[in-house]
Structure formats: structure tokens, C-alpha cells
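This briefing is meant for someone meeting the structure for the first time. Please look over the sequence and the model below before reading the points that follow.

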Amino acid sequence: MTDAAALFDGTGSLVAVSPIDARGHGGAVSSDRRTGVLFARRPGRFAVIFDLDARRRVGAFAPPAERRFAGHGAFSTDGRLLYATENDFEAERGVIGVYDVAAGYRRVGEFETHGVGPHEMLLMRDGQTLAVANGGIATHPDFPRMKLNLPFMEPSLALIRAADGEVLALAALPERLHKLSIRHIAEAAGGESWLGMQFEGPPDERGPLGGRFHGDHGISLNEGWADAYARLDQYVGSVAVSRDGSTVMTTSPRGGVALEWDVATRRLRGEHVMADVRV
């Protein structure tokens, strides 16, 4: 089977398919909705550029030899820059690569994510702050897909000023929950970040796979929903927020279940069974 990127319209109809070099992962879309970039599955060495108006691939670029993409990125509000989560494997640290769009996606700098194993990143609605999910898991391209530091994981959420890379907030989970890898994030109403996690502990143990970050209060876990989390097979694959910011969906492609949360009450509103579900 050939790896490909598929483009759908707002009704869910397939409008274009383009072959890509290998399996893709997350994408970034410019604010004018005219350009999209698809990143390689982590750790990967390619990002593919699409003209969304023309519905075709128009280019590709790669990180430096000593870096690997971590699967996600975000455009600046004005579309001049693209930020990408990356791994500096030799130093076991996460970085955000900064790419100049007009210069053909030339890499012009990087910021630290202040954690290990960054994954999803988003530009907050203020247009100035990058939120980064540091999964806490060390990997290396010489040992594909191996997790090298599970006993010593340190997952965290970092808020970073996009203009200069200054860390504005860094929130970690308590030591007893250090095997909850923070992987996915979405911004809900009021600027609250909702988190999706993957549990790296023993198969017979369970952890709360959802939580929220709200400023000075740090990370609060959505606990008390053990039965629902059990159906996720220890794995959240994506988090998304409704357009009005009132509803959050956390999905598990492994469990085939999507959980629907009410942002205002922070309570579980419903469960939806769907095979290989992602949002």
C-alpha cells in the first residue's frame, strides 16, 4: 500500500489524494487556509507542503541531520513562520524548530521545549503563545520505536512565547503519575488547555488519561471516570475542541471510543463507539 495524504472538505467528502514519502502524522494549516504542511510520523525526516486551493503537493523540506520531526507543528498567525516539534536525540531534549515560509521553509532557529519527547503543539488563541505537550519519553533513531527511559519519565506541558522562546509556564504531573505521557492538547473556552495522555505503566494498571491546565493552578486530572478510561486501552490518540469551545472530544483509536466532555462542568457527557476513531 502506498502512503498518501488525503484532503477532505467540510462535508467529509474526499477531494484529493497525494502520495507521500512514508507514513504521515499531524498537520498544520495556515490561518488563511491556503497552505497545509503534513509532518512525518515521529521520529521522521520529512514535511510535505500542500497548496490547499489547488489541492496538490507543492514541496517538501527536512530538519537538520541531528534533528527529527515529532509529528506536529503550527503556523504563526501571519503565516510567515512555521513552528515544528522536534527531538535533539543526542542531548535528550525537545526543541521547536522555526522555519521561514517565504524562504522556502528554511530553518532559522529553534527554542527548547523544556522537556523530553515533545509531541503535539498548538498556537494559542492569543496568537503569541505556543503550548507544547512534552511526552517525557526518550527515543533514539538507532532504536526505532523503543522507549528508553520509562522508569524516569518526566511528562510536562510547556507554554512558550513564540516571539523569542521564553518559557511562560511549565507544569508537570506528580511523581506518582510520571508514566502518564502527555501527548495531545487542545484549547477550550477561557484559554484552558485540555490534555490527552497515554499510560506507559503495566497493562493491569490504569491512569486518568485526560486532564486540564489552567494557569497558576497547574494540571488537574479528570479523575473519577475509571470505567470510561478502561475502554480507551491506556491510549488517547487525539484531542479536539468544538468551534465554540464548549465541548472537548478525546479519542482512542486503540479502544475504538471517543469521550465527549462538557467544558463548563468538566464532566463526561457521553461515549461514542467508532473503530479507529480520531479527530
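The charged end of Arg212 is placed over the ring of Trp194, at 5.9 Å from the centre of that ring. This contact, like everything else described here, comes from a predicted model.

**Aromatic rings**

- There are 8 aromatic pairs in the structure, and one of them is formed by Phe61 and Tyr99, whose rings are tilted at 50 degrees between the planes and lie 5.1 Å apart, centre to centre.
- Because Phe61 belongs to strand β6 (residues 56-61) and Tyr99 to strand β9 (residues 93-100), this pair ties together parts of the chain that are 38 residues apart in sequence.
- Phe61 has a relative accessible area of 9% and is therefore buried, and Tyr99, at 0% relative accessibility, counts as buried as well.
- Phe61 also forms an aromatic pair with Tyr105, and here the rings are stacked, with 4.8 Å from centre to centre and 15 degrees between the planes.
- Tyr105 counts as buried because its relative accessibility is 8%, and the cut-off for a buried residue is under 20%.
- Through ring pairs, Phe39, Phe61, Phe69, Tyr99 and Tyr105 are joined into a cluster.

**Cavity and pocket**

- Rolling a probe the size of a water molecule over the atoms shows where empty space is left.
- The count of cavities of 30 Å³ or more comes to 1, and the largest cavity holds about 60 Å³ of space.
- The largest cavity is lined by Asn87, Asp88, Phe89, Glu92, Arg93, Val116, Gly117, Ile137, Ala138 and Thr139, and this lining divides by class into 4 nonpolar, 3 polar and 3 charged residues.
- The second largest pocket has a volume of about 200 Å³, and its lining is made up of 16 residues, with Met153, Glu154, Pro155, Ser156 and Ala172 lying nearest its centre.
- By class, the residues that line the second largest pocket are 8 nonpolar, 6 polar and 2 charged.

**Two backbone positions**

- Most residues other than glycine have a negative phi, and most peptide bonds are trans.
- Asp233 has a positive phi of about 55 degrees although it is not a glycine, and this residue is found in the loop between α1 (226-230) and β19 (238-241).
- With a relative accessibility of 42%, Asp233 counts as partly exposed, because that value falls between the limits of 20% and 50%.
- Asp276, which is not a glycine either, likewise has a positive phi of about 55 degrees, and its place is in the segment after β22 (267-273).
- The relative accessible area of Asp276 is 51%, so this residue is exposed, the cut-off being over 50%.

Conventions
Residues numbered from 1 in each chain as written. Predicted model: local features only at pLDDT ≥ 70, side-chain atom pairs only at ≥ 80, totals over all residues. Heavy atoms only, no water. 1 Å grid on protein atoms, 1.4 Å probe; cavity = no way out; pocket = protein on both sides within 12 Å on 5 of 7 lines; lining within 4 Å. Points joined across faces, edges and corners; volume = space filled by probe spheres on them. Nonpolar A, V, L, I, M, F, W, Y, C, P; charged D, E, K, R; others polar. Helix = DSSP H or I, 4+ residues; strand = E, 2+ residues; numbered from the N terminus. Buried < 20%, exposed > 50% of the residue type's maximum accessible area, 1.4 Å probe, protein only. Phe/Tyr/Trp six-rings, centres within 6.5 Å; stacked < 30°, edge-to-face > 60°. Lys NZ or Arg CZ within 6 Å of the ring centre and 35° of its normal.
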